[in-house]
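Here is a short briefing to read with the model open beside you. Shall we start with how the elements are named, and then go helix by helix and residue by residue?

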Amino acid sequence: MQKGDVLEVLIESTGMDGEGVAKCDGMVIFIPFTLVGEIVKCEITFVKKSFAKAKVIKLLKGAEERVQPLCPHFRKCGGCDMQHIAYEKQLQIKAQNIENCFAKYAGIKPIVNPVIPSKDIYYYRNKAQFPLFENNGKVCLGFYKENTHEFVKIEKCYLLSEWCDKFCTAFLKVANELKLSCYNEKTHKGLLRHLVLRKLNEKVSITIVVNSNKFNYTDKFIKELSKIGIKFSFYVSYNTKQTNLIMYNANVLYGDNDIQTEILGVKTFVNPMSFMQINDYVRDLIYLKTKELVATSKSKIVVDSYSGVGVLTNIIADIADKVYGIEIVPEAIANANQLAKINGNENKIINICGDSAVELPKLAEQLNNTDFITILDPPRKGCDTKVLEGLLKAQPSKIIYISCNPATLARDISILKDTYNISLIQPYDLFPQTSHVESLVCLERK
């Protein structure tokens with residue numbers, strides 16, 4: 001088998017990224033945008049010793065679960081990869097993906113609960129990051145094609161609501177009236193790099209990322225954006241580095257530096273640099289389940305090992321005796337201390353600035369072998385091995401692990417499985433129309 005070969009194949013299973021999987025002459029072939037039971041004519045695009053990748057040329061036999069995608073940009077931009085699949089089937093595929101990851105990376109076959117669906121399967125995102133580029137002399141926004149830096153112009157994203165369309169239209173109008181230039185990755189010239197939007201309750205933060213140390217057009221943007229009739233704060237992020245990282249900073253030029261919002265009754269302040277889950281409804285379900293697992297535990301001492309700015313620590317503070325937040329970023333700890341104070345939890349929450357791998361065993365010693373619960377909510381890459389080693393040394397009675405990556409989740413639990421039993425694997429559809437899935441796993445000490 002070699003690149004350029006054209007084959008007719010039957011899709012036999014689903015891969016970990018939601019793609020269809022076929023077999024031919026002992027070779028596994030991964031084919032995006034296909035479903036089990038379909039027969040397709042495909043062209044081989046990539047070949048390795050044991051597997052290949054292909055693209056569909058023609059769908060010869062479709063599956064019952066195949067539906068017409070809502071978005072005209074589907075398969076062109078690198079966003080959604082499941083719009084061609086009926087929603088119930090999407091949920092089944094995601095649960096199967098988690099099972100497959102546990103079998104492959106942890107060597108176990110645990111019970112995985114059905115995926116809890118999102119209330120909205122479109123228009124659910126509260127945040128968007130658009131790269132900016134020039135097309136026929138005009139400023140445009142869009143996304144990148146998957147695994148490339150090739151732009152796809154977007155007129156409308158169906159994961160974002162009408163508020164986003166209005167701000168994008170106003171931004172593009174001013175940018176083109178001023179004839180502003182866009183950043184070119186090859187020459188490193190041009191002003192506009194990204195447009196970042198986030199909606200919090202009834203207020204929007206809009207951030208323009210520029211390849212400069214100054215920005216002289218604030219008044220004209222604010223004048224046009226104000227016509228929309230939605231309260232907003234306007235920021236500029238100065239990023240002159242040759243990097244893929246979107247923002248290093250966010251300087252407020254209009255409105256509030258930190259936008260106040262509430263999450264499950266907890267007052268919090270958010271700015272463009274703050275991390276927040278992009279689906280409010282599902283985020284709240286996950287936090288409520290975490291709180292329930294703490295409330296039904298014998299121990300009421302909780303350690304949040306990736307505590308960030310402290311939203312979750314404050315949510316569970318009213319049913320815990322003491323909550324410790326461990327976070328390595330000093331600015332986040334400062335925000336967490338402020339959050340504890342404004343929510344009246346400064347006597348219940350202790351925030352520790354440091355690495356969980358170091359601070360967790362130290363804290364366990366200070367607690368004098370008292371039972372405690374640990375919450376893990378690491379980034380997509382999962383937990384550092386030293387954090388897991390620290391956990392095994394500290395031996396909390398319960399671990400609540402929140403993960404957005406089934407592969408790294410299963411990998412980490414493979415290290416913990418000899419000491420802990422899995423009592424719950426509950427997936428949530430935080431990202432409808434995509435292959436991503438959020439999981440909450442509860443582990444109890446044997």
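This is a predicted model: local features need pLDDT of at least 70, side-chain atom pairs count only at pLDDT 80 or more; totals for chains, interfaces and linings use all residues.

Helices (H or I, at least four residues) and strands (E, at least two) are DSSP runs, numbered from the N terminus. Residues are numbered from 1 along each chain as its sequence is written, and side-chain values use heavy atoms, with hydrogens and water left out.

**Helix α2 by itself**

- Helix α2 covers residues 162–177. Its 16 residues reach 23 Å from first C-alpha to last, close to the 22 Å expected at 1.5 Å a residue; the expected span is 1.5 Å times one less than the number of residues.
- Trp 163, Cys 164, Phe 167, Cys 168, Ala 170, Phe 171, Val 174 and Ala 175 are buried in α2. Buried means under 20% relative accessible area, exposed over 50%, and partly exposed in between (1.4 Å probe, protein chains only).
- Looking down the axis of α2, the buried residues fall within an arc of 165°, so they line one face of the helix. The arc is that of the directions from the helix axis to the C-beta atoms.
- As background, an α-helix has 3.6 residues a turn, so residues three or four places apart point the same way.
- Glu 162, Thr 169 and Glu 177 are exposed on the other side of α2.
- The cover over the buried residues of α2 includes β7 (127–135), β8 (138–144), β10 (192–200), β11 (203–210), α3 and β12 (231–238); here, contact means heavy atoms within 4.5 Å.
- Lys 179 follows α2 and has a positive phi, near 55°.

**How α2 meets α3**

- The axes of α2 and α3 (residues 218–226) come within 9 Å and cross at roughly 145°. Axes are lines fitted to C-alpha atoms, for helices over the stretch in contact, and angles run from 0 to 180 degrees between N-to-C directions.
- The α2 and α3 crossing is right-handed. A crossing is left-handed if the near helix is turned anticlockwise from the far one by less than a right angle, and right-handed if clockwise.
- From α2, Phe 167, Ala 170, Phe 171, Lys 173, Val 174 and Ala 175 meet Lys 220, Phe 221, Glu 224 and Leu 225 of α3.
- Sorted by class, this contact of α2 with α3 has 7 nonpolar, no polar and 3 charged residues. Ala, Val, Leu, Ile, Met, Phe, Trp, Tyr, Cys and Pro count as nonpolar, Asp, Glu, Lys and Arg as charged, and the others, Gly among them, as polar.

**Buried residues in strands**

- Gly 142 is buried, with a relative accessible area of 0%. Setting aside residues up to four places away in sequence, Gly 142 touches Phe 130, Pro 131, Phe 133, Val 152, Lys 153 and Ile 154.
- Gly 142 and Leu 132 are 10 residues apart in sequence, with 6.8 Å between their C-alpha atoms.
- Val 209 belongs to strand β11 and counts as buried at 0% relative accessibility.
- Beyond its neighbours within four places in sequence, the contacts of Val 209 include Leu 191, Leu 192, Val 196, Ile 246 and Met 247.

**The loop between β21 and β22**

- Asp 429 is found in the loop between β21 and β22, and is buried with a relative accessible area of 0%.
- Not counting residues up to four places away in sequence, Asp 429 touches residues including Tyr 87, Lys 94, Ser 118, Val 282 and His 436.
- Gln 433 lies in the loop between β21 (420–428) and β22 (438–445). Gln 433 has a positive phi of about 75° although it is not a glycine, and counts as buried at 2% relative accessibility.

**Another positive phi**

- Most residues other than glycine have a negative phi, and most peptide bonds are trans.
- Leu 264 is not a glycine, yet has a positive phi of about 50°.
- Leu 264 sits in the loop between β14 (259–263) and β15 (266–270), and is partly exposed at a relative accessible area of 34%.
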